[in-house]
Amino acid sequence: MPTMPEQDDNGNDYEVGEWLRFGLRLGVTTALHPLEYAKVLMQIGFEPITPVPGRTLLGRPTMVLPNVFQYAAYIKHVDGFYGCFRGLSAKIIGNLLSAHFSEKIADELNLEVVKDSDSKRKGKEDRGASVDTEEEDRLLDEQFKKQLKRNLVVHAAGVAISQPFHVISIRMMAQFVGREKIYTGLWASIREIWSQEGIFGFFSGFVPRLLCDLGCMVVASSATYLASKYLIREREGRIYFSSISQFVFSSMFYPYHVVSTCMIVNGSRLKAGNLPNMEPYHDWRDCYARLKAAGQHKRGSSLFFRYASRPRVSKTSNSSFAPYPELKYTH
């Protein structure tokens, strides 16, 4: 059993490692923000560049939309270099608060950080003790249950804490559509949301975002656990499978990400959230149903090969979709 100094060292090492990883993610998030900016505008259905004739990967004639790099270049062309980082400050603040307090909440609930089962097995082997398959499975079960509980709390708390800043960040970017200057800074954005929508305005799009985050995490973790227990015994294989499963299941839950972004903008004073740019939605379920019926529930999922398609209007819908603007981008 580890001594108290050893336990403190392990805790400190984990905390330092977590902050180093967060710092790295923060740098990557900043560098890739212009692409995320373009993706947000794709998700709310704004296509300012006229599609051009082209072909699909299978050779079928179609109308081709600009890829994410061309879209980001258009934003830079309109708003300049610094305009490509609109909404970044609110996003960083939300991520910082989320990373700090979500872990603190899990610690306060005595949800311990679980040591990897492979590390436990290696420690026993180093002491000369053999680890049979039954013991390894027991360690894996214990790790999965404890880690899942902690991850549920950390992810749910993280989404709740960061949501107000996520709303501000998305609306700052959505101003590009109507060229408004409503969400010009953090405090101006807070005053705008509070005066127009009250406290609930800060949690627009919260439920679908939470479902997307928790659903992807639970399903991916469960798939990795089952694969590790019954199919894959090597540590490297488990790591690769975990990365692949997260990618696959994030694609499955992606429509909820689109719904969350649309609900954050919908009904606000921004032109991007009102007709003719966006239909009025009663709630996030109505938004999901209408987007799926129109074949628009995966907008922005493809960043490189994007094709224009005429929205499929459901028979029960009386609303119309705005056509693509005739705005062309010139170098």
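I call a residue buried if its relative accessible area is under 20%, exposed if it is over 50%, and partly exposed in between, with a 1.4 Å probe and protein chains only. Ground rules next. This is a predicted model, where local features need pLDDT of at least 70, side-chain atom pairs count only at pLDDT 80 or more, and totals for chains, interfaces and linings use all residues. Residues are numbered from 1 along each chain as its sequence is written, and side-chain values use heavy atoms, with hydrogens and water left out.

**Entry 1: the sheet**

I started with the strands. For labels, I use DSSP runs numbered from the N terminus: helices are H or I with at least four residues, strands are E with at least two. Two strands count as paired if DSSP finds at least two bridges between them.

What order do the strands take in the open sheet? I read β1-β2-β3, three strands with antiparallel pairing. β1 and β3 (306-308) are the edge strands, each pairing on one side only. From one strand to the next, the twist averages 65°; for such angles, axes are lines fitted to C-alpha atoms (for helices over the stretch in contact), and the angles run from 0 to 180 degrees between N-to-C directions. A reminder to myself: strands of a sheet pair through backbone hydrogen bonds, either parallel or antiparallel.

Then I zoomed in on β1 (residues 52-55) and β2 (residues 61-65), which pair in the antiparallel sense over four bridges. I looked up partners: Val52 is bridged to Val64 in β2, and Arg55 stands opposite Pro61 in β2. The two strands make a hairpin with five residues between them. In that turn I found Gly59 with a positive phi of about 90°.

**Entry 2: Arg55**

I stayed with Arg55, which is in strand β1. Buried or exposed? I noted exposed, because its relative accessible area is 56%. Its side chain reaches the backbone oxygen of Gly59 at 2.7 Å. That is a polar contact: a pair of N or O atoms within 3.5 Å, where within protein one must be able to donate a hydrogen and the other to accept it, and residues adjacent in sequence count only if both atoms are side-chain atoms.

I also listed what Arg55 touches, taking contact as heavy atoms within 4.5 Å. Leaving out residues up to four places away in sequence, I got Arg60, Pro61, Thr62, Val64 and Tyr307. Tyr307 is 252 residues from Arg55 in sequence, yet their C-alpha atoms are 8.9 Å apart.

**Entry 3: aromatic rings**

I searched the whole structure and found eleven aromatic pairs. The rule: rings of Phe, Tyr and Trp (its six-membered ring) pair if their centres lie within 6.5 Å, with planes under 30 degrees apart counted as stacked, over 60 as edge-to-face and the rest as tilted.

One of the pairs is Phe46 with Phe176, edge-to-face, at 6.2 Å centre to centre and 70° between the planes. It links distant parts of the chain: Phe46 is in the loop between α2 (33-43) and β1, Phe176 is in helix α6, and they are 130 residues apart. Both are buried. Ring pairs also tie Tyr37, Phe46, Tyr74 and Phe176 into a cluster.

What sits over the ring of Phe176? I found the charged end of Arg179, 5.0 Å from the ring centre. The test asks for NZ of Lys or CZ of Arg within 6 Å of the ring centre and within 35 degrees of the ring normal.

I logged it as partly exposed, because its relative accessibility is 43%.

Asn110 also has a positive phi near 60° without being glycine. I placed it in the loop between α4 (88-108) and α5 (117-126).

Where is the cis bond I noted? It runs from Leu275 to Pro276, with omega near 5°. Pro276 is in the loop between α10 (254-265) and α11 (284-293).

**Entry 4: Glu192**

I marked it buried because its relative accessibility is 9%. It touches Ile182, Tyr183 and Arg269, residues up to four places away in sequence not counted.
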